[in-house]
Amino acid sequence: MLLPKKLTLAAAALLTATLFAGCASTSETGGADAAATPQVTIGIGGQTLLTYLPTTLAEQLGYYEEEGLDVDLQDLQGGSKALTALLGGSVNVVSGYYEHTIQMQAKNQSITSFVQMGKSPAIALVVAPGSTEEITSLEDLMGKSVGVTAPGSSTHTMLRFLLEEAGLNPDGVSVVAMGAGSSAVAAMESGGVVAGVMLEPDVSVLAERTGAETVSLADLRSPEGVEEHYDTDMWPSSSFYSESDWLAENPETAQKLANVLTKTLAYIAEHSGAEIAAEMPETFSGGDLERYAALIEELKPQLTEDGRNSEAGAEAVLDTQRIANPEVGDAEIDLKATYTNEFVGGN
């Protein structure tokens, strides 16, 4: 049976109004918010390492959310693995070492660092507890197994640099991937390697577990340590970097990420190690919050205050790459294309 024309028109009007109201409700709430909130996946080259602390601290403090970002942090246990994930498209941004931008330019791939966190390598070449009598110099490493976070990572590059600087053949050691955190400490304890290139808090955790003072063949965990090997006290290390095309296509998202990290760096400068440690995930302290707080306090001078890179620092990293990385060697490198300070207050 047909409905009266007037009733049909009224029903149609009511249906239209209902649908419109529903659409308006969606656009004003979840639908619009979801569309307006940039989703960013960040790969970290070893999330528990102190050099990457600002990346996780920002999440703990709610800074990504405050900037309107939906961020997924992925712990990839090594800088080279994080870089591979970026090139493969599984992450948008890497919390990794600046040097990878230089390495990729030598391979004709454009990667750009846009926030600089660390200003020293934060690395120490540590002798394994069971090898302190056997290994007393860099020369003693020849023919032996030495641990790095991952082959091709910043720890591997620094190992090659230190050996080359000492006049030794970096291919004369057998490189073992030992990751970061508990796996790195276990590798050093087990005797699977005679030495390892380590970062904090792993160095201190190893010393505490063995009850012996750490023996280092080289220590670049401070600006003073950097000056022993370079003509500058800055060696840009941990940073946010991404493919240059991604930055060009997502400048607003990059700016939000830069805002987050500069705000986090300011927080670190203004708060004690104990206050910062209390904000971090409980598992990161390894069960010793006091020691973790002390390590964070020691970390603070190794971080930039404003997220900026420097020309002298970039040159120091390039020098390392030219010596330690055959793929860079004498390749023509445009350093100005490997980093930008655009998002942190100018070039």
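I looked up K144 to begin with, and K144 counts as partly exposed at 26% relative accessibility. My scale is this: buried means under 20% relative accessible area, exposed means over 50%, and partly exposed lies in between (1.4 Å probe, protein chains only). The areas come from the Shrake-Rupley method with a 1.4 Å probe, and for residues only the protein chains shown count as cover.

I note that this is a predicted model, where local features need pLDDT of at least 70, side-chain atom pairs count only at pLDDT 80 or more, and totals for chains, interfaces and linings use all residues. Residues are numbered from 1 along each chain as its sequence is written, and side-chain values use heavy atoms, with hydrogens and water left out.

**Entry 1: salt bridges**

Side chains of opposite charge can pair when their charged atoms come close. I used the rule for a salt bridge: a side-chain nitrogen of Lys or Arg within 4 Å of a carboxyl oxygen of Asp or Glu. The count by this rule is nine salt bridges. I followed up some of them.

K144 has a partner. I found a salt bridge between the side chains of E134 and K144, at 3.8 Å from N to O. Both E134 and K144 lie in the loop between β5 (123-127) and β6 (145-148), so the pair ties together parts ten residues apart in sequence. Helices (H or I, at least four residues) and strands (E, at least two) are DSSP runs, numbered from the N terminus. E134 is partly exposed too, at 43% relative accessible area.

Next I checked R160. Its salt bridge is with D171, and the closest N and O atoms are 3.0 Å apart. R160 sits in helix α7 (residues 154-165) and D171 in the loop between α7 and β7 (174-177), so this pair ties together parts eleven residues apart in sequence. R160 is buried at 13%, but D171 is exposed at 57%.

Then came R221 and E200. Their side chains meet in a salt bridge of 2.7 Å, N to O. R221 is in the loop between β9 (216-220) and α10 (223-227), and E200 is in the loop between β8 (195-198) and α9 (202-210), so the pair ties together parts 21 residues apart in sequence.

**Entry 2: a negative patch**

I found a negative surface patch made of E224, E227, E228 and D233. Patch residues have over 30% relative accessible area and no salt bridge; like charges are joined within 9 Å, and nonpolar side chains (Val, Leu, Ile, Met, Phe, Trp, Tyr) within 5 Å.

E279 lies in helix α13 (residues 273-279) and is partly exposed at 30%. Where is L61 relative to E279? I read 218 residues apart in sequence and 7.3 Å apart in space, C-alpha to C-alpha. Contact here means heavy atoms within 4.5 Å. Residues up to four places away in sequence aside, E279 touches L57, Q60, L61 and Y267.

Is T56 buried or exposed? I read buried, at 1% relative accessible area. T56 is in helix α3 (residues 53-60). Neighbours within four places in sequence aside, T56 is in contact with I44, Q47, L73, M280, P281 and F284.

Terms used. Lys, Arg positive; Asp, Glu negative; His and termini not counted. Charge placed at Lys NZ, Arg CZ, Asp CG, Glu CD.
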